[in-house]
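Let's take a friendly walk through charged pairs and nonpolar packing. Please keep the viewer open as you read.

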Amino acid sequence: MVQALPVEILLGIYLGILTGIFPALVAWGLGFIFKYFTGVSIPAFGVVVLSLAIAGINGGLLALNDPAVLASGPRVIVALVVVLMVSMYAHSKGDQMGATFPKRLSLSKLRERTLSSDVVDLVGSRGEVRVEVIGEVIDMEGYPPLSEETRTAIKTDEWRLPADLPISELETRFADRLKTELDLADVSVSIDERGRATVIAAPPLSGISKRVPTGKRAVSLDVLVPTGVARGDEVLVVAEDLSVEGTVIAARSGTKKEELKTDGGTEEVTPPVNAPTTTGGDGRVTVAVARSDAEKLLSVRGAKIVVTARGTRREFELISLLRQAGKRFRKLPVKPTSSLVGSTLAGANVRDNHDVAVLAVKRPNGWLVAPRGATELSAGDELFVVGTREALNAFEGVVG
């Protein structure tokens, strides 16, 4: 029975969707498989012919080829158009996914995923991401529950980190920052591509005994504390003719005494300091030192604290710049079957032929950093190379 034209169009769309679902799945699968394994896209004409054939079979199985159903010409035409559009769209998406899907998928590749570009904020010349803690902060098994103040601090504080790092490195840095600033005993962090983090945390340690390294002793000193001292800093304790190296495990300075009214009058109290570093001024520092030096420090008066320099780690900036340029590092062992055994770096022309650079060679008798072209490669050598991911994959086959 023929209906009005708008009804016929709606019936045609309904008929096209019913018969076009399976052809669309087949078109997507073929597009993905061909593009992924061969790099070739199936011609659109082939997709059209195959989709119509499958739609006819699918319609017969669903009893949609009944003459009563196909009595109207507009209904059939609309159904065919819907089948073709759905199939072409599915094939396009399958072809696109086959081109972008990683050819060699592994857990290490998944860990190298980076943040989505739309969550990165430009601050000056560098990108930053604001890590947002979602959901409830979970208590770590085997530890006491977190206090409400600590939970609130983890969820509401603003956590900003560099955006040009892999997510695995962001998770490590965020966990280290939570441990440092909130004095947490242990932290487990998971961050997704949108910068959203789930946190499992253990409460702060009950005392400093667990912070003192094995073989060390903790000594507390009333001294003039420099601004910015934090737990883990290396310091030099100078007193009289004594000079002792130690590690800060607790520090407090710049506190103000306030009056607290009680039933017995007023008394002075010192409010707690929530800052992760000292504010400078008179204070108290607890330092972990060697056992022999602990007894000497206990008998001195008027000690001074000198913070020693650790230097600037420029290698991390270099690694970050290389990663931004698409370069990666890899350690590759030279196997006995490799064609490089017995040849020199210059003879193999590694840089020009394989587009990688050998930064160092590790051997049983030691390291060879920045090897020269005359360096001869032997079976068992470990090469530390830098290059693009594709070049490293190809060079790995040569070395192995």
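Is aspartate 186 buried, partly exposed or exposed? Aspartate 186 is partly exposed, because its relative accessible area is 26%, and values between 20% and 50% fall in that class. Please bear in mind that this is a predicted model.

**Charged pairs**

The partner of aspartate 186 is lysine 179: their side chains meet in a salt bridge, with 3.8 Å from N to O. Lysine 179 is partly exposed as well, with a relative accessible area of 28%. In total, the structure holds ten salt bridges. As background, side chains of opposite charge can pair when their charged atoms come close.

Three of these pairs are set out here.

| Salt bridge | N to O distance |
|---|---|
| Arginine 173 and glutamate 169 | 3.2 Å |
| Arginine 177 and glutamate 181 | 2.9 Å |
| Lysine 179 and aspartate 186 | 3.8 Å |

Helix α6 covers residues 167-182, and both arginine 173 and glutamate 169 lie in it, four residues apart, or about one turn of the helix. Arginine 177 and glutamate 181 also both belong to helix α6, and again four residues, about one turn, separate them.

How accessible are these helix residues? Arginine 173 counts as partly exposed at 32% relative accessibility, and glutamate 169 is partly exposed with a relative accessible area of 31%. For the other pair, arginine 177 is partly exposed at 25%, while glutamate 181 has 31% relative accessibility and is likewise partly exposed.

**Nonpolar packing**

The largest nonpolar core has 22 residues, and Ile154, Phe174, Leu178, Val189 and Val199 have the most contacts inside it. Two or more residues of this core come from each of β2 (126-133), α5 (148-156), β4 (159-162), α6, β5 (184-191) and β6 (196-204). Which element gives the most to this core? That is α6, with six residues.

Leaving aside residues up to four places away in sequence, leucine 178 touches Ile154, Trp159, Asp183, Leu184, Val187, Val189 and Val199.

Methods
Residues are numbered from 1 along each chain as its sequence is written. This is a predicted model: local features need pLDDT of at least 70, side-chain atom pairs count only at pLDDT 80 or more; totals for chains, interfaces and linings use all residues. Side-chain values use heavy atoms; hydrogens and water are left out. A salt bridge is a side-chain nitrogen of Lys or Arg within 4 Å of a carboxyl oxygen of Asp or Glu. Buried means under 20% relative accessible area, exposed over 50%, partly exposed in between (1.4 Å probe, protein chains only). A nonpolar core is a set of buried Ala, Val, Leu, Ile, Met, Phe, Trp, Tyr and Cys residues joined through side-chain atoms within 4.5 Å. Contact means heavy atoms within 4.5 Å.
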